Structures are given as structure tokens and as C-alpha cells.
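The model is predicted.

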Amino acid sequence: MARFYGAVGFADGDVTAPGVFRESIVERPYRGDFVRNTVRWSTGSEMNDELRMDHSISIISDPYAETHVSLIRYVTWMGSKWKVTSVQIQRPRIILQIGGEYHDQLS
């Protein structure tokens, strides 16, 4: 089983103007294991197929992650940010399913 060490991005919503919300990201480092490690190409309406990571990463939880589990947005791995598509809590671990690339909000 491969090991994981990387940042997990948590979104924290801010009100920038009345009725306008913007997510600010808090990154925290975590370590864990890859539970499932697969890659696939998703076909769609684009000219080039999109790379999708169907990895499951089991991270060792801490109190911050347990209280902010609904705010997890992405995992940083191999120099890219990958979107978290589902989260499963199995104390003392949290299993993160990652999919396509995560795209930051524009400034």
C-alpha cells in the first residue's frame, strides 16, 4: 500500500459584499495511505479526454478535520490539486475519494 503525505484544502466561506460569498481556503498537512489507486480518462464533449483520478486516500484524522469534514474541497498530490468527490468517516481515519483536477476561484 502506497503512502500519502500532502495538504488537504478546507473551504471557509466569507461574505465579501451583501449577497456575495467567497471561499477562502485553509490548507493543512496530513499523512495516510492510498486505499485504492486507479486512473481513468473520462470522455465527454471536449476534444481531449479529461484525466480522472479514482483514488481513495485514508488520512489520519485530527480534531480539526473531524469538525470541518464538510468543508474539505481538495487534496494536493504530485504537484496538483485534486477535487474531493466524497468523504467517509471511519474513526480514527477519514477516507477521501478524489476525482478530477480542482480549479481555484479567480481573484
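Five salt bridges are found in a search of the whole structure. Three of them are described below, together with the parts of the chain that they join.

**Salt bridges**
- Arg 73 pairs with Glu 23, with 3.2 Å between the closest N and O atoms. Because Arg 73 belongs to strand E6 (residues 72-77) and Glu 23 to strand E2, this bridge ties together parts 50 residues apart in sequence.
- Arg 73 is partly exposed at 25% relative accessible area, and Glu 23 is also partly exposed, at 31%.
- Arg 28 bridges to Asp 62, again with closest N and O atoms 3.2 Å apart.
- Asp 33 and Arg 93 meet at 3.4 Å, N to O. Asp 33 is in strand E2 and Arg 93 in strand E8 (residues 93-101), so the bridge connects parts 60 residues apart in sequence.
- Asp 33 is buried, at 9% relative accessible area, whereas Arg 93 is partly exposed at 26%.
- Arg 3, Asp 33 and Arg 93 form a network of salt bridges.

**Chain**
- The chain has one helix and eight strands, in the order β-β-β-β-β-α-β-β-β.
- Of its 107 residues, 35% count as buried.
- Among contacts between residues at least 6 apart in sequence, 51% join residues at least 24 apart.

**Val 26**
- Val 26 lies in strand E2 (residues 20-36) and is partly exposed, at 34% relative accessibility.
- Beyond its neighbours up to four places away in sequence, Val 26 touches Val 8, Gly 9, Phe 10 and Tyr 64.
- The C-alpha atoms of Val 26 and Phe 10 are 5.1 Å apart, with the two residues 16 apart in sequence.

How values were computed
Residues numbered from 1 in each chain as written. Predicted model: local features only at pLDDT ≥ 70, side-chain atom pairs only at ≥ 80, totals over all residues. Heavy atoms only, no water. Helix = DSSP H or I, 4+ residues; strand = E, 2+ residues; numbered from the N terminus. Buried < 20%, exposed > 50% of the residue type's maximum accessible area, 1.4 Å probe, protein only. Contact = heavy atoms within 4.5 Å. Salt bridge = Lys/Arg side-chain N within 4 Å of Asp/Glu carboxyl O.
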